[in-house]
Amino acid sequence: MAKPEDMHQCQTSNCGYIYNPDKGCKKGKVPAGTCWDDLPEDYRCPVCGASKKMFKPLAGQTPVDRC
Ligand SMILES: [Zn+2]
């Protein structure tokens, strides 16, 4: 189970997509178990297309997996 600080949430308005390293991201073709730091720099939010820079650690928030 990923800790909240291991998950990252997209910070763009109207999105809120959360990357969970336990599950990876099917839409982004990221295999389960891939740490955030191991994602390619050109990884994009599968919902809105935002770059990694638009994501922030989820620590302290209620995890909601949307992948
Ligand atoms: Zn997004």
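A residue is taken as buried if 20 or more other C-beta atoms lie within 10 Å of its own, as exposed if 12 or fewer do, and as partly exposed in between, with C-beta atoms placed from the backbone. By this criterion Cys45 counts as buried, because it has 23 C-beta neighbours inside 10 Å. The structure is a predicted model, in which local features need pLDDT of at least 70 and side-chain atom pairs count only at pLDDT 80 or more, whereas totals for chains, interfaces and linings use all residues. Residues are numbered from 1 along each chain as its sequence is written.

Confidence is expressed as pLDDT, the predictor's confidence in each residue on a scale from 0 to 100. The protein chain has a mean pLDDT of 89, and 88% of its residues reach 70 or more. Where pLDDT is low, predicted coordinates should not be read in detail.

Secondary structure was assigned from DSSP runs numbered from the N terminus, with helices (H or I) requiring at least four residues and strands (E) at least two. The protein chain contains zero helices and three strands, giving the pattern β-β-β along the sequence. Of the 67 residues in the chain, 19% are buried. Contacts are defined by C-beta atoms, placed from the backbone, that lie within 7 Å of each other. Among contacts between residues at least 6 apart in sequence, 57% join residues at least 24 apart.

The three strands form an open sheet in the order β2-β1-β3, with antiparallel pairing. Strands β2 and β3 are the edge strands, each pairing on one side only. Two strands are considered paired if DSSP finds at least two bridges between them. Strand β1 (residues 8-10) is joined to β3 by three bridges, and these strands run antiparallel. Within this pairing, Gln9 has Lys56 in β3 as its bridge partner.

Leaving aside neighbours within four places in sequence, Cys45 is in contact with Cys10, Cys15, Tyr17, Ala50 and Met54. Cys45 and Cys25 lie 20 residues apart along the chain, and their C-alpha atoms are separated by 9.4 Å.

The C-alpha atoms of Glu41 and Lys53, 12 residues apart along the chain, are separated by 9.1 Å. Lys27 also lies in the loop between β2 and β3 and is exposed, with 12 other C-beta atoms within 10 Å. Lys27 and Arg44 are separated by 17 residues in sequence and by 10.0 Å in space, C-alpha to C-alpha.

Most residues other than glycine have a negative phi. Asn14, a residue other than glycine, has a positive phi near 70°; Asn14 is found in the loop between β1 and β2 and counts as exposed, with 7 C-beta neighbours inside 10 Å. Lys29, likewise not a glycine, has a positive phi of about 55°. Lys29 is placed in the loop between β2 and β3 and is exposed, as 9 other C-beta atoms lie within 10 Å.

Methods. Contact = placed C-beta atoms within 7 Å.
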